[in-house]
Amino acid sequence: MRDTFIFTRAAELDALPAFREFIARVCERLKISSELAFELQLACDEAATNVIKHGYAGMNPGSIMLELRAQLNTITMLLSDFGHPFEPVETDAPDVDALLHDEPTTGFGLYFIYRTMDEVSYYTDEMGNHLVLVKNTGKE
Amino acid sequence: MFRALRLKQAPVKVAPEPKTISIEQWLGDAQYPLAIRTINTLSHDAKQRFYRTLIPPELLGQLGINPILWRGNGYAVELFADPESGKVNLSINNPEDTRDAYFVLELQDNSTNGIDLNLILLNDPFAEKFGIEYDADGHATQWGTITRNLVEEERAQRAGLAPAQVRAGMGFSREVLNQLDVFLALCARQAISLEPLTYVSAWIFEKRGFAYVRGHKLMDDIHREFQPGGKLHAALDHSTPFRHPDAWQTVRGRAWAIHDGILETIGERWRDLRMIKVVGKHAGVETFPEAKY
């Protein structure tokens, strides 16, 4: 089985609930567990927030295109935008203790994505900036 | 350590510099992205073979133009693709007045080595012409974006045209954009960008699968503020012929009000919008749900 679902909204914080709802709808259709759907929703929230706050900073925001591709044993979530591109940097893992004690800390969103997704990659090309998140579904 | 993402400081080139791609490289690798500038170095006949893919044969057929010869019924397809230029312009004009274009399509390499759709015009030769592109003194208005010919614009509006239209449309926008996808795939390109001239253009390009590089939020804001209770809705006060109180209900009505400067009400202007279409992919954007044209 292979299927692709695309959903596009403006890069605004107000759009996050619509992205979550879209993921829930697709996961339900694909019979993906609600736990896994929740992880995808959280990862999408974190990634989209990053794009909204930083990628489109200083411009009238464009679109965020969310694409879900179901394969036999995996689901791939592709988040594309057309704002300022990012580049990967090696850095210390964020301080989880600081977060637990309500102290200021940054970089936790992406760290969380790495912890919950099975594959994470990022690239920029003619079609925009793309964050690719792959999650094993365990289906046979 | 873990891999974080930080904002890049310099813009990213999405394809190699056109001047660095030779025809030999391009012939030897079907995935090598091809620029307009590279095609333009070819002979006139070779260029014509490439650019022929940009015009739907049925559009040419409707005008009585032979799709191979690019001539017929008194019409001709004009091709401007200078060897040193990164731009291609295809046009079909009124044989009796070459400034009166029925069809124009212009593509250009952009600063990030992508391709821009600069212009697409599809005017019905048999429809009445409105002189909105020249003001009363004969100066070009750039389709009403620099100066305006209010008398002609009002006539065009009453005739059911959208801002920047000199004649009723010929149709074929879907076919031309489909051909554009074919052309881009032929050139191993994956996307095309454009700046929509009017609200109607943006709405049409949404329907044809485009997303926004810039201006998606503006389009959402426009839709929200045109609803009853919104600031744009309130500004439809009939203070000019382009601000009819019912204008919020249709794409064309909104477009004329925006062309008339109504966005100043919300501290905005129609500028800096940019759209992108990924080849073979429909973004599904709909900033005016269930719109009436």
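The structure is a predicted model. In chain A, helix α2 packs against helix α1, and the axes of α2(A) and α4(A) also come within 9 Å. Strand β2(A) pairs with β1(A) and with β3(A). Between the chains, 34 residues of chain A are in contact with 30 residues of chain B.

**Helices α1 and α2 of chain A**

- Helix α1 covers residues 16-29 and helix α2 covers residues 34-55 of chain A; their axes lie 9 Å apart, at an angle of about 150°.
- Because an angle over 145 degrees counts as roughly antiparallel, α1(A) and α2(A) are described as roughly antiparallel to each other.
- The crossing of these two helices, α1(A) and α2(A), is right-handed.
- From α1(A), the residues that meet α2(A) are Leu16(A), Phe19(A), Arg20(A), Ile23(A), Ala24(A) and Cys27(A).
- Their counterparts in α2(A) include Leu36(A), Leu40(A), Cys44(A) and Ala48(A).
- By class, this contact of α1(A) with α2(A) comprises ten nonpolar residues, one polar residue and two charged residues.

**Helices α2 and α4 of chain A**

- The axes of α2(A) and α4(A) cross at roughly 150°, which makes α2(A) roughly antiparallel to α4(A).
- The crossing of α2(A) and α4(A) is left-handed.
- On the α2(A) side, the contact is made by Glu39(A), Ala43(A), Glu46(A), Ala47(A), Thr49(A) and Asn50(A).
- On the α4(A) side, Gly109(A), Leu110(A), Phe112(A), Ile113(A) and Thr116(A) take part.
- The contact of α2(A) with α4(A) contains five nonpolar, four polar and two charged residues.

**Strands around β2 of chain A**

- Strand β2(A) is mostly covered, with six of its eight residues buried.
- β1(A) and β2(A) run antiparallel and are joined by eight bridges; Phe7(A) stands opposite Leu66(A) in β2(A).
- β2(A) also pairs in the antiparallel sense with strand β3 (residues 74-81) of chain A, over seven bridges.
- Ala70(A) has Ile75(A) in β3(A) as its bridge partner.
- A hairpin of three residues joins β2(A) to β3(A).

**Contact between chain A and chain B**

- On the chain A side, 34 residues are in contact with 30 residues of chain B.
- The elements of chain A that give two or more residues to this side are β1 (3-10), β2 (63-70), β4 (86-91), α4 (108-116) and β5 (119-125).
- β4(A) gives the most, with six residues.
- The residues of chain A that touch chain B divide into 18 nonpolar, ten polar and six charged.

Definitions and conventions. Residues numbered from 1 in each chain as written. Chains lettered and ligands numbered in written order. Predicted model: local features only at pLDDT ≥ 70, side-chain atom pairs only at ≥ 80, totals over all residues. Axes fitted to C-alpha atoms, helices over the stretch in contact; angles between N-to-C directions. Helix = DSSP H or I, 4+ residues; strand = E, 2+ residues; numbered from the N terminus. Parallel < 35°, antiparallel > 145°, perpendicular 65-115°, else oblique. Left-handed = near helix turned anticlockwise from the far one by under 90°. Contact = placed C-beta atoms within 7 Å. Nonpolar A, V, L, I, M, F, W, Y, C, P; charged D, E, K, R; others polar. Buried ≥ 20, exposed ≤ 12 C-beta atoms within 10 Å, placed from the backbone. Pairing = 2+ DSSP bridges.
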